[in-house]
Amino acid sequence: MEWDDLRIFLAVARAESLSGAGRRLAIDASTVGRRIARLEAALGAKLFVKTPQGYALAPEGERLLPHAEAAEAALAGAREALSGPGDLTGQLRIGAPDGCANYLLPQICARLCQDHPGLEIQIVALPRVFNLSRREADMAIAVSQPQAGRLIVQRLTDYQLHLAGHDDYLDAHPPILSREELRGHRMIGYIPDMIFDRELDYLTETGAEWAQLASNSVSVQMQAIRAGAGLGIVHDFAIPFCPGVRRLLSDQISLVRSFWLIRHADDRRSERMNRLADALGQGIRAEVARLQALLPEDAST
């Protein structure tokens with residue numbers, strides 16, 4: 001059994017398709033299929049079952065999976081031991097909700113790439129929870145603490161959110177002195193059935209029953225607020241990127257949430273991944289503090 005065959009087996013197990021594995025490995029799907037067939041023939045076992053949803057692990061594949069992952073970890077450890085504790089290199093894929101990915105990670109990753117020229121960073125911004133067991137990302141940032149799985153979970157920092165509107169919208173309406181006076185204003189928020197984490201259910205904090213303008217993307221919501229389309233709950237750290245957007249009723253409506261860094265449990269033994277996690281955590285804490293210090297004055301009430 002060759003490591004390259006196990007590498008392809010792991011890619012198919014994680015992507016659950018030949019084409020998805022091929023994209024990850026930069027080879028065509030037909031080659032992936034032939035290599036899996038060769039591995040199954042060598043082992044005398046059926047590793048995958050083809051279903052309408054893709055390629056699912058057969059019982060024999062389930063038994064092979066932890067051994068393949070252990071081989072992968074051992075190879076990565078050997079490379080790390082030989083390369084020594086110098087510059088950070090290689091690829092790092094970070095999964096994050098789009099608010100963090102849009103307003104925090106670009107600055108943080110720019111500094112990491114500047115400090116470590118051999119580092120290749122991929123930011124995957126998706127409005128959903130990442131599946132680390134399928135290696136959708138090397139590490140993920142989440143807004144709530146996972147309750148299951150073989151994971152390393154680290155609380156990074158708290159951040160604040162407030163009700164906000166653009167000057168153009170606020171100037172066109174009477175002053176808003178209380179949350180009761182929000183009635184009749186157009187609210188901007190998440191599409192209810194696309195809220196993938198309970199921590200993102202912000203709108204109830206305002207007393208509004210629904211958002212008349214909604215998106216599953218926090219960045220789209222912020223751009224709608226910036227366009228003067230209405231009011232919405234926004235991250236304080238996003239406001240400095242949107243001139244004219246100001247907080248209002250910050251003494252009455254104020255939310256605190258947390259960012260969590262989630263990693264594979266096996267990465268605890270990797271000095272490289274530990275260093276990358278530390279650098280990412282320090283960067284997020286510093287960037288949240290920097291941006292929140294740049295907030296403009298609240299809207300006049």
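Where does A26 lie? A26 lies in the loop between α2 and α3.

## The model and its conventions

This is a predicted model, in which local features need pLDDT of at least 70 and side-chain atom pairs count only at pLDDT 80 or more, while totals for chains, interfaces and linings use all residues. Residues are numbered from 1 along each chain as its sequence is written, and side-chain values use heavy atoms, with hydrogens and water left out.

Helices (H or I, at least four residues) and strands (E, at least two) are DSSP runs, numbered from the N terminus. Contact means heavy atoms within 4.5 Å.

## The whole chain

The protein chain has nine helices and 11 strands. Its C-alpha trace spans about 75 × 45 × 30 Å along the principal axes. Of the 301 residues of the protein chain, 46% count as buried. Buried means under 20% relative accessible area, exposed means over 50%, and partly exposed lies in between (1.4 Å probe, protein chains only).

Among contacts in the protein chain with a separation of 6 or more, 77% are between residues 24 or more positions apart.

## The annotated span 1-58

UniProt lists residues 1-58 as "domain: HTH lysR-type", in an unreviewed entry. UniProt positions are given in the numbering used here, feature names are shortened, and annotations may be inferred rather than shown by experiment. In the model, residues 1-58 are 62% helix and 14% strand. The end C-alpha atoms of this span lie 19 Å apart.

## Helices α1 and α2

α1 and α2 pack at an angle of about 125°, with their axes 8 Å apart. That makes α1 oblique to α2. The axes are lines fitted to C-alpha atoms, for helices over the stretch in contact, and angles run from 0 to 180 degrees between N-to-C directions. Angles under 35 degrees count as roughly parallel, over 145 as roughly antiparallel, 65 to 115 as roughly perpendicular and the rest as oblique.

The crossing of α1 and α2 is right-handed. A crossing is left-handed if the near helix is turned anticlockwise from the far one by less than a right angle, and right-handed if clockwise. On the α1 side, the residues in contact are R7, I8, A11, V12, R14 and A15; they meet L18, G20, A21, R24 and L25 in α2. By class, this contact has seven nonpolar, one polar and three charged residues. Here Ala, Val, Leu, Ile, Met, Phe, Trp, Tyr, Cys and Pro count as nonpolar, Asp, Glu, Lys and Arg as charged, and the others, Gly among them, as polar.

## Helix α3 and its partners

Helix α1 (residues 3-15) and helix α3 (residues 29-43) have axes that come within 10 Å and cross at roughly 115°. Their crossing is left-handed. D4, D5, I8, F9 and V12 in α1 meet V32, R35, I36, R38 and L39 in α3. The classes in this contact of α1 with α3 are six nonpolar, no polar and four charged residues.

The axes of helix α2 (residues 18-25) and α3 come within 8 Å and cross at roughly 105°. That makes α2 roughly perpendicular to α3. L18, S19, A21 and G22 in α2 meet A29, V32 and G33 in α3. The residues of this contact divide into four nonpolar, three polar and no charged.

A37 is placed in helix α3. At 41% relative accessibility, A37 counts as partly exposed. The C-alpha atoms of A37 and L47 are separated by 9.0 Å, and these residues are 10 apart along the chain.

## Two loop residues with positive phi

Most residues other than glycine have a negative phi. E16 has a phi near 60°, a positive value in a residue other than glycine. E16 lies in the loop between α1 and α2, and its relative accessibility of 32% makes it partly exposed.

A26 has a positive phi of about 65° although it is not a glycine. A26 is exposed, with a relative accessible area of 69%.

## I195

I195 is placed in the loop between β7 (187-189) and β8 (213-214). At 25% relative accessibility, I195 counts as partly exposed. Not counting residues up to four places away in sequence, I195 touches Y190, L200 and D201. The C-alpha atoms of I195 and S217 are separated by 9.8 Å, with the two residues 22 apart along the chain.
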